[in-house]
Amino acid sequence: MSSHAITIGGYLLFLVLGIGLNALAHRSGSVIPTMGAMFTRIMHSRTGRIAVVAWWAWLGMHLFSK
Amino acid sequence: MAVFSHESAERRRAAMTGLLIPALITGLAYALVVGSFQRYSWPATIAVCIPAAAGVIVAWWVSAGSESEPERLGRAGVAAWAVVWVGASAWELTALYLQPSLSTDSYAHPTLSYLADPVLASVPGRAVVLFGWLAFGWYLARR
């Protein structure tokens with residue numbers, strides 16, 4: 001298996017893990033928080049809110065800006 | 001305006017729900033117009049920096065906390081999410097550092113931005129990604 005395929009396989013693995021975790025979190029009585037609950041908790045503090053939004057801003061600028 | 005006030009997070013969310021349709025139309029128009037700009041051009045840079053900067057300023061200014069504490073999260077659940085996010089970040093960073101240099105892409109060790117290049121090479125691809133980026137920003141603003 002090539003390095004290219006292994007690298008892409010890793011991304012897909014984490015994507016599937018994230019989707020699976022979120023699906024588990026939506027089951028009643030689950031001890032796993034949803035991704036939304038995680039963001040809400042992190043963004044409850046001003047520091048966390050600015051850090052997450054700065055990451056979002058960086059993402060857009062990284063893909064499109066000089 | 002309630003969305004940008006220092007009121008509770010619940011009120012902000014309610015106000016944002018009322019703005020959903022105008023925001024959708026504006027977001028679509030933005031994505032179509034800015035998607036027609038070449039990547040890394042000055043028009044694209046300015047057009048993306050405006051909402052990015054506005055988002056950070058609003059995040060700084062808006063009261064983040066609601067009057068009630070958010071639900072407490074179990075350690076096991078937080079750890080599970082940490083594995084996903086830290087793992088994915090480490091995987092991306094590993095691919096980045098396995099490139100010949102930080103500014104030279106590698107087919108063998110593609111980063112997510114490298115994988116996104118074919119999508120972002122076309123106007124429809126850029127428009128879809130820009131709309132998704134804005135939608136994610138909206139989602140975060142509701143948190």
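This is a predicted model: local features need pLDDT of at least 70, side-chain atom pairs count only at pLDDT 80 or more; totals for chains, interfaces and linings use all residues.
**View 1. Helix H3 of chain A, end to end.** Helix H3 of chain A runs over residues 46–64 and holds 19 residues.

**View 2. The buried and exposed faces of H3(A).** Seven names mark the buried side of this helix: Arg49(A), Val53(A), Trp56(A), Ala57(A), Gly60(A), Leu63(A) and Phe64(A). These residues cover an arc of only 140° around the axis, and therefore lie on the same side of H3(A). The face turned away from that buried side carries Thr47(A), Trp55(A) and His62(A), which are exposed. Cover for the buried residues of H3(A) comes in part from chain B, including helix H3 (42–61), helix H5 (112–120) and helix H6 (123–141).

**View 3. H3(A) against H3(B).** The axes of the two helices come within 9 Å and cross at roughly 180°. Because angles over 145 degrees count as roughly antiparallel, H3(A) is roughly antiparallel to H3(B). On the chain A side, the residues that meet H3(B) are Arg49(A), Ile50(A), Val53(A), Ala54(A), Trp56(A), Ala57(A), Gly60(A), Met61(A) and Phe64(A). Their counterparts in H3(B) are Ala44(B), Val48(B), Cys49(B), Ala52(B), Gly55(B), Val56(B), Ala59(B) and Trp60(B). Among the chain A residues in this contact, Arg49(A), Val53(A) and Trp56(A) are also buried in H3(A).

View 4. Tyr11(A) sits in helix H1 of chain A, which covers residues 3–25. With 17 other C-beta atoms within 10 Å, Tyr11(A) is partly exposed, because a residue counts as buried at 20 or more and as exposed at 12 or fewer. Leaving aside residues up to four places away in sequence, Tyr11(A) touches Trp91(B) and Leu112(B).

**View 5. The two domains of chain A.** Chain A is divided into domain 1, residues 1–31, and domain 2, residues 33–66. Taken over C-alpha atoms, the centres of domain 1 and domain 2 of chain A are separated by 20 Å.

**View 6. The helices of chain B.** Chain B has 6 helices and 0 strands, and along the sequence its pattern reads α-α-α-α-α-α. Of its 143 residues, 17% are buried. Among contacts in chain B between residues at least 6 apart in sequence, 52% join residues at least 24 apart.

Methods:
Residues are numbered from 1 along each chain as its sequence is written. Chains are lettered from A and ligands numbered from 1 in the order in which they are written. Helices (H or I, at least four residues) and strands (E, at least two) are DSSP runs, numbered from the N terminus. The expected span of a helix is 1.5 Å times one less than its number of residues. The arc is that of the directions from the helix axis to the C-beta atoms. Two residues are in contact if their C-beta atoms, placed from the backbone, lie within 7 Å. Domain bounds come from an automatic or database domain assignment. Axes are lines fitted to C-alpha atoms, for helices over the stretch in contact, and angles run from 0 to 180 degrees between N-to-C directions. Angles under 35 degrees count as roughly parallel, over 145 as roughly antiparallel, 65 to 115 as roughly perpendicular and the rest as oblique.
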